[in-house]
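Let's take a friendly walk through a structure together. Have the sequence and the 3D view ready as you read.

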2 protein chains.
Amino acid sequence: MKNEIDKKLTDKNIKPTAMRELVLQVLSEQKTATSLPELERKFEKADKATLYRTLKTFEENKLIHSIDDGTGSVKYALCQDACECHPEDLHVHFLCTRCKKTYCLNDITVPTINLPKNFSLESVNMVVKGACSNCKS
Amino acid sequence: MKNEIDKKLTDKNIKPTAMRELVLQVLSEQKTATSLPELERKFEKADKATLYRTLKTFEENKLIHSIDDGTGSVKYALCQDACECHPEDLHVHFLCTRCKKTYCLNDITVPTINLPKNFSLESVNMVVKGACSNCKS
DNA sequence: AAAGTTTGTGCAACCCAGTTGCAAAGTTAA
DNA sequence: TTAACTTTGCAACTGGGTTGCACAAACTTT
Ligand SMILES: [Mn+2]
Ligand SMILES: [Mn+2]
Ligand SMILES: [Zn+2]
Ligand SMILES: [Zn+2]
């Protein structure tokens, strides 16, 4: 449904170009987070730089958030509706060491940490590794 | 004290070569974690591949652990004496967004997470970002 | 001690994710 | 229509990480 996609874009003040619609479409269909290289493979025809800048725009406008799971390529997933990517919005991510898929555990907020004196908190990246339900033998 | 350094190496079943002694010496002097590129700069003369393999050996033998703080270069820090790098040994890391230094918060163990059904846990990477005590304005 | 074997080092080349400059194409505004 | 701005495509580059290979150094065996 193109109108839904366009609405999501305009709601976040992103001009809905053809490219952006396609990328958001694909991202919306994923159950796990997607990296730039993966996106390149899904769009044989599209240019890496364009995809790169598309993701950057999406992230800057808080339509998606990025996840560094340590695999060497940053992955991206849609933000929850009201997400502002503030520390209190943050959730835990899970990387399956078997299938290498990265899940947003949206229900699991990152635990609060008592930092040492005079350290201030801006954000947290918490990635749990293990076997996902599909891969557990 | 070279004997202390050598002992640390042999205790972890690492043959104490000149290179390894130097690298361990430098790592021991740091209060924050060190990346391979940083190490390269500290050892103008040494070869990148050698340093790389030295770090790898150290890590495999649990003399050091690696920290992916999302800055693009993996950092390394000495393990605690009895550390086996198991989930229960893991601690939180802190990346200062100002000075880019990465601290081991050895006293802060990573909180336990209740994973979704049929997900199993192998390890956790938890990196808190913010301002360190030196950089807090 | 000499010969053989294993281990470590240095160099060069490579891989790949990410990033940037620049010009062409498309869009919007005057 | 022209001008200004935005998006896209291409190419080139950066930088961290990694590997193959030959040489050197350190142990083993005879
Ligand atoms: Mn997420
Ligand atoms: Mn640490
Ligand atoms: Zn899996
Ligand atoms: Zn700092």
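At what angle do the axes of helix H2 and helix H4 of chain A cross? The axes of H2 (residues 18-29) and H4 (residues 48-60) come within 10 Å and cross at roughly 70°. That makes H2(A) roughly perpendicular to H4(A), a label for angles of 65 to 115 degrees. Helices here are DSSP runs (H or I, at least four residues), numbered from the N terminus, and axes are lines fitted to C-alpha atoms, for helices over the stretch in contact, with angles from 0 to 180 degrees between N-to-C directions.

This is a predicted model: local features need pLDDT of at least 70, side-chain atom pairs count only at pLDDT 80 or more, and totals for chains, interfaces and linings use all residues. Residues are numbered from 1 along each chain as its sequence is written, chains are lettered from A and ligands numbered from 1 in the order in which they are written, and side-chain values use heavy atoms, leaving out hydrogens and water.

Now look at the DNA. Around DNA strand C there are 17 residues, and A:Tyr52, A:Val74, B:Thr17, B:Arg20 and B:Arg53 come nearest; a residue is near if one of its heavy atoms lies within 4 Å of the strand. H4(A) supplies the largest share of this surface, 4 residues.

A polar side-chain atom of B:Arg20 lies 2.8 Å from a phosphate oxygen of DNA strand C. A:Lys48 has a side-chain N or O atom 2.9 Å from a base oxygen.

Methods. Helix = DSSP H or I, 4+ residues; strand = E, 2+ residues; numbered from the N terminus. Parallel < 35°, antiparallel > 145°, perpendicular 65-115°, else oblique. Polar contact = N/O pair within 3.5 Å; in protein donor to acceptor, adjacent residues only side chain to side chain.
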